[in-house]
Amino acid sequence: MLTTKPSLLTDTPLHYCPGCTHGIVHRLIAECVGELGCNDRAIGVAPVGCAVFAYNYFKCDMFQAAHGRAPAVATGIKRAVPDSLLFVYQGDGDLASIGMAETIHAAARGENMTIVFINNGIYGMTGGQMAPTTLPGQKTTTSQQGRDVKTHGNPIHICELLSALDGPAFIARTSCHDVKNVLKTKAAIKKGFTYQLEKKGFSIIEVLSTCPTNFHLSPQAALDWIRDVGQKAYPLGVYKDIGENG
């Protein structure tokens with residue numbers, strides 16, 4: 001089964017850099033939608049960032065949102081087509097910087113949508129600048145001596161932040177640095193979709209990802225960095241789950 005391309009994916013070659021885990025997460029989304037029998041109900045919202053061309057890879061209706069506005073666009077879509085299975089796909093610069101207001105308010109309202117949030121701690125598409133999730137001491141093109149919290153502030157922990165709100169139904173942080181965690185990521189995405197189908201409300205799955213190009217690491221070393229550094233700064237786990245009877 002795992003060697004068969006999910007029917008929701010197109011045959012378009014991915015544009016992502018070698019070793020980037022965007023492609024893995026695209027496949028997981030497609031597998032989950034297919035397993036839930038919702039290919040004909042799926043609608044996706046693409047971000048601005050490395051995944052800006054996500055609409056090329058899914059055989060479903062896709063919307064391209066302005067930078068950071070994906071949750072606002074998704075709100076309109078879901079309210080207009082409430083029986084859709086809606087996935088919102090965003091990176092850390094898109095969601096946690098320019099889109100922070102849209103994210104927080106969609107979560108606070110408990111909008112019935114599922115956000116898949118890719119956190120690689122850097123602005124990948126535009127050249128490797130510091131992002132809201134860049135770690136203290138981490139070097140980027142705009143923090144060449146490393147992120148200084150006295151000057152640049154502390155990283156933003158999205159799962160912890162949103163879990164303080166009453167609106168969300170499911171919040172989890174996962175990773176794709178090895179097979180075990182890829183499977184956990186799939187399970188989290190599927191639960192987010194399931195809760196949406198059950199009209200339980202807002203869910204967000206944060207996925208720790210790699211950016212070998214801007215990390216200046218090999219693909220394997222970038223995965224090791226997530227294992228050894230990334231998940232210590234951003235602990236994996238479920239941060240909120242209203243449960244089966246919620």
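Which strand is the place of Met130? That's where the close-ups start, and keep in mind that everything here comes from a predicted model.

**View 1. Met130 and the residues around it.** Met130 sits in strand E6, which covers residues 129-130. Leaving aside residues up to four places away in sequence, Met130 touches Tyr123, Thr140, Thr142, Ser143, Arg147 and His152. For a sense of scale, look across to Asp241, which is 111 residues from Met130 along the chain. The C-alpha atoms of Met130 and Asp241 are separated by 31 Å.

**View 2. Helix H1 meets helix H7.** Here we have H1, made of residues 22-35, and H7, made of residues 179-197. Their axes come within 9 Å and cross at roughly 45°. That angle is why H1 counts as oblique to H7. As for its hand, the crossing of H1 and H7 is right-handed. On the H1 side, the residues in contact are Ile24, Val25, Leu28, Ile29, Glu31, Cys32, Val33 and Glu35.

**View 3. Helix H2 packs with helix H4.** Now for another pair: H2 runs over residues 70-80 and H4 over residues 100-109. The two pack at an angle of about 35°, and their axes are 8 Å apart. H2 brings Pro71, Ala72, Thr75 and Arg79 to the contact, while H4 brings Glu102, Thr103, Ala106 and Arg109. In the contact of H2 with H4, 3 residues are nonpolar, 2 are polar and 3 are charged.

**View 4. A look inside the cavity.** How many cavities of 30 Å³ or more does the structure hold? The count is 1. The largest cavity has about 80 Å³ of space in it. Its lining takes in Asn119, Asn120, Gly121, Thr133, Leu135 and Gln138, along with Leu208, Ser209, Trp225, Ile226, Gly230 and Tyr234. Helix H9, spanning residues 219-233, gives the most to the lining of the largest cavity, with 3 residues.

Conventions:
Residues numbered from 1 in each chain as written. Predicted model: local features only at pLDDT ≥ 70, side-chain atom pairs only at ≥ 80, totals over all residues. Heavy atoms only, no water. Axes fitted to C-alpha atoms, helices over the stretch in contact; angles between N-to-C directions. Helix = DSSP H or I, 4+ residues; strand = E, 2+ residues; numbered from the N terminus. Parallel < 35°, antiparallel > 145°, perpendicular 65-115°, else oblique. Left-handed = near helix turned anticlockwise from the far one by under 90°. Contact = heavy atoms within 4.5 Å. 1 Å grid on protein atoms, 1.4 Å probe; cavity = no way out; pocket = protein on both sides within 12 Å on 5 of 7 lines; lining within 4 Å. Points joined across faces, edges and corners; volume = space filled by probe spheres on them. Nonpolar A, V, L, I, M, F, W, Y, C, P; charged D, E, K, R; others polar.
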